[in-house]
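I opened my notebook to record what I looked up in this structure, one topic at a time.

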Amino acid sequence: MTTETTPLSSDDLIRILHRGSQAGNALVIAGLVEDELEKLLLTAGRSLSNKQAQEIFGGMGPLHSLSAKIEIAYMFELIDQSTRDDLQVIKSIRNKFAHTTRYVFFDSPHVDQDCRRLSNWRDGLANEEAFRRCALAKINTIKLKTSQILFAKALKEPPSVIEDD
């Protein structure tokens, strides 16, 4: 362990930089979750122009935050309680990495506490791995629901016949 008066060795720096990538991983993974959730909401709703979608999901639109997307998807029964709970934990972990001026790691006490709330957390599974696996499972759940909605919409449309000239 190094102190402020002891210069960092190259090995110490490599370890810190490697652990620091945990923040990048958390932010990217949470971003992927948010993207899939936004696609689900866009698929489930009525057709929107790009401008309308930007007004709803962008800037200060009502669904610009991950939290709002989670709650609306849950309210309209697009995701179940377990998915909602895990998405809220993923959001909380993302925020702990994103909104700090200090180094945060998956084994930091306040992040560890959140990781233990993930539905797949188990003793012996590293927190970062539990986070990654849970996020991937939720992405797949959201993608499946998006596909189901697209399929149901396709079945509602009358078949069209394309005539050759």
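This is a predicted model: local features need pLDDT of at least 70, side-chain atom pairs count only at pLDDT 80 or more; totals for chains, interfaces and linings use all residues.

Entry one, on E38. I began by locating E38, and I found it in helix α1, which covers residues 10-44. Setting aside neighbours within four places in sequence, I found E38 in contact with F57 and K69. I also looked up the spacing of E38 and K69, which are 31 residues apart in sequence, while their C-alpha atoms are 6.9 Å apart in space.

Entry two, on α3 and α4. Helix α3 (residues 66-75) packs with helix α4 (residues 81-98) at an angle of about 180°, and their axes are 10 Å apart. Because angles over 145 degrees count as roughly antiparallel, I wrote down that α3 is roughly antiparallel to α4. On the α3 side I listed L66, S67, I70, E71 and Y74, which meet Q81, R84, L87, Q88, K91 and R94 in α4. By class, the residues of this contact are four nonpolar, three polar and four charged.

Entry three, on the second largest pocket. I noted a volume of about 240 Å³ for the second largest pocket, whose lining includes L41, L42, F57, I72 and F76. Which helix supplies the largest share of this lining? I found that it is α1, with three residues, and that α1 and α2 (50-57) each supply at least two. By class, I recorded 10 nonpolar, one polar and one charged residues in the lining.

How values were computed: Residues are numbered from 1 along each chain as its sequence is written. Side-chain values use heavy atoms; hydrogens and water are left out. Helices (H or I, at least four residues) and strands (E, at least two) are DSSP runs, numbered from the N terminus. Contact means heavy atoms within 4.5 Å. Axes are lines fitted to C-alpha atoms, for helices over the stretch in contact, and angles run from 0 to 180 degrees between N-to-C directions. Angles under 35 degrees count as roughly parallel, over 145 as roughly antiparallel, 65 to 115 as roughly perpendicular and the rest as oblique. Ala, Val, Leu, Ile, Met, Phe, Trp, Tyr, Cys and Pro count as nonpolar, Asp, Glu, Lys and Arg as charged, and the others, Gly among them, as polar. On a 1 Å grid over the protein atoms alone, a cavity is a set of points where a 1.4 Å probe fits but cannot get out, and a pocket is an open set with protein on both sides within 12 Å along at least five of seven lines; lining residues have an atom within 4 Å of a point. Grid points are joined across faces, edges and corners, and a volume is the space filled by probe spheres set on the points.
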